Amino acid sequence: MRGHDLFRFAAVVACVLCYTTIILGGNVITTGNGLACPDWPSCFGNGNYLPAFSGGAAVEWSHRVAAFVLSVSVLLLTFLGVAFERGRRALLRLSIVSLALVVAEALLGGLVIETSLLAGVVLVHLALATALFGVLLILALLANLREMPRRWVDWARKAAEEEPVRSKVPGMTPAPGPNPARPTDRPVAMSAPREG
Ligand code: HEM
């Protein structure tokens with residue numbers, strides 16, 4: 001496997017792990033098990049990192065374990081980015097941003113518990129989780145763009161290039177007509193061979 005292939009695979013894995021962690025976090029909150037492990041980073045003190053996997057502790061601990069696996073996967077993704085994607089700055093930057101977000105999110109998870117589920121802290125925890133997922137999703141899409149099926153790329157391009165319907169409401173600015181500066185708006189010679 002080439003370095004770039006490893007990176008794009010790691011990006012998809014991190015994205016899926018983030019989604020899983022978010023769902024497990026939602027499970028913690030909806031089942032009211034936020035304080036089933038009342039301390040952090042261990043569960044019931046004394047360096048207990050393997051609590052009995054039952055009841056509320058199982059719900060809370062599964063979220064923490066998922067968060068840990070996610071953090072390791074994002075760390076690995078950033079290493080791969082530094083090693084293989086220095087030529088593609090956007091990918092490298094996004095992987096560094098995702099690492100910063102996951103570290104902040106894990107620390108904030110600890111704060112959620114230390115503050116006994118203070119609403120503001122829980123909300124920031126949710127906000128960072130969704131931001132992290134957004135960054136990882138964009139990263140996974142961009143890293144895999146070259147290998148995506150042609151029809152998906154065509155679909156995205158078509159969605160980006162379609163013009164809004166011209167408004168007939170008085171006072172509303174009509175959508176601009178064709179822009180000769182944009183390659184897609186230039187008239188195409190009928191005899192020109194189609195690409196692809
Ligand atoms: C690092 C990645 C993490 C992500 C993406 C994440 C995401 C989430 C999400 C989406 C929720 C549900 C919030 C809501 O529905 O409003 C949640 C809840 C929660 N998370 Fe995390 N979390 C992470 C790490 C952690 C860690 C490391 C801990 C603890 C050490 C933690 C502790 C909690 C707790 C206690 C709740 C429930 C809060 C409550 O019951 O009010 N999280 N998390």
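Read along the sequence, the chain follows the pattern α-α-α-α-α. The secondary structure amounts to 5 helices and 0 strands, where helices (H or I, at least four residues) and strands (E, at least two) are DSSP runs numbered from the N terminus. The model is a predicted one, in which local features need pLDDT of at least 70 and side-chain atom pairs count only at pLDDT 80 or more, while totals for chains, interfaces and linings use all residues. Residues are numbered from 1 along each chain as its sequence is written.

Of the 196 residues in the chain, 21% are buried. A residue is classed as buried if 20 or more other C-beta atoms lie within 10 Å of its own, as exposed if 12 or fewer do, and as partly exposed in between, with C-beta atoms placed from the backbone. Among the contacts in the chain with a separation of 6 or more, 66% are between residues 24 or more positions apart; two residues are in contact if their C-beta atoms, placed from the backbone, lie within 7 Å.

The ligand is surrounded by 27 residues, and the closest are G25, G34, A67, G109 and A129. A residue is near a molecule or strand if its C-beta atom, placed from the backbone, lies within 6 Å of it. Two or more residues of this shell come from each of α1 (3-30), α2 (55-84), α3 (89-114) and α4 (119-143). By class, the shell around the ligand comprises 16 nonpolar, 9 polar and 2 charged residues. In this division Ala, Val, Leu, Ile, Met, Phe, Trp, Tyr, Cys and Pro count as nonpolar, Asp, Glu, Lys and Arg as charged, and the others, Gly among them, as polar.

Two packed helices are described by the angle between their axes and the distance between the axes. Axes are lines fitted to C-alpha atoms, for helices over the stretch in contact, and angles run from 0 to 180 degrees between N-to-C directions. The axes of α1 and α4 are 8 Å apart, and the two helices pack at an angle of about 155 degrees. α1 and α4 are therefore roughly antiparallel to each other. Angles over 145 degrees count as roughly antiparallel, under 35 as roughly parallel, 65 to 115 as roughly perpendicular and the rest as oblique. The crossing of α1 and α4 is left-handed, a term used if the near helix is turned anticlockwise from the far one by less than a right angle, with clockwise giving right-handed. In this pairing F7, R8, A11, V12, A14, C15, C18, Y19, I22 and G25 of α1 meet A129, L132, F133, L136, L137, L139, A140 and A143 of α4. The contact of α1 with α4 has 16 nonpolar residues, 1 polar and 1 charged. G25 and A129, which take part in this contact, are also among the residues closest to the ligand.

For α2 and α3, the axes come within 9 Å and cross at roughly 155 degrees. That makes α2 roughly antiparallel to α3, and their crossing is left-handed. On the α2 side A67, L70, S71, V74, L75, L77, T78, G81 and V82 take part, meeting L91, L92, S95, I96, S98, L99, V102, A106 and G109 in α3. The residues of this contact are 12 nonpolar and 6 polar, with no charged residues.

T78, in helix α2, counts as buried because 22 C-beta neighbours lie inside 10 Å. Apart from neighbours within four places in sequence, T78 is in contact with S95, I96 and L99. The C-alpha atoms of T78 and I96 are separated by 6.0 Å, with the two residues 18 apart along the chain. V65 is also placed in helix α2, but is partly exposed, with 14 other C-beta atoms within 10 Å. A distance of 8.7 Å separates the C-alpha atoms of V65 and T21, which are 44 residues apart along the chain.

Backbone features were also examined in the loops. In the loop between α1 and α2 lies P41, and the peptide bond from W40 to P41 is cis, with omega near 10 degrees. The loop between α3 and α4 holds S116, which is not a glycine but has a positive phi of about 50 degrees. S116 counts as exposed, with 10 C-beta neighbours inside 10 Å. L117, likewise in the loop between α3 and α4, has a positive phi of about 65 degrees although it is not a glycine. L117 is partly exposed, with 15 other C-beta atoms within 10 Å.
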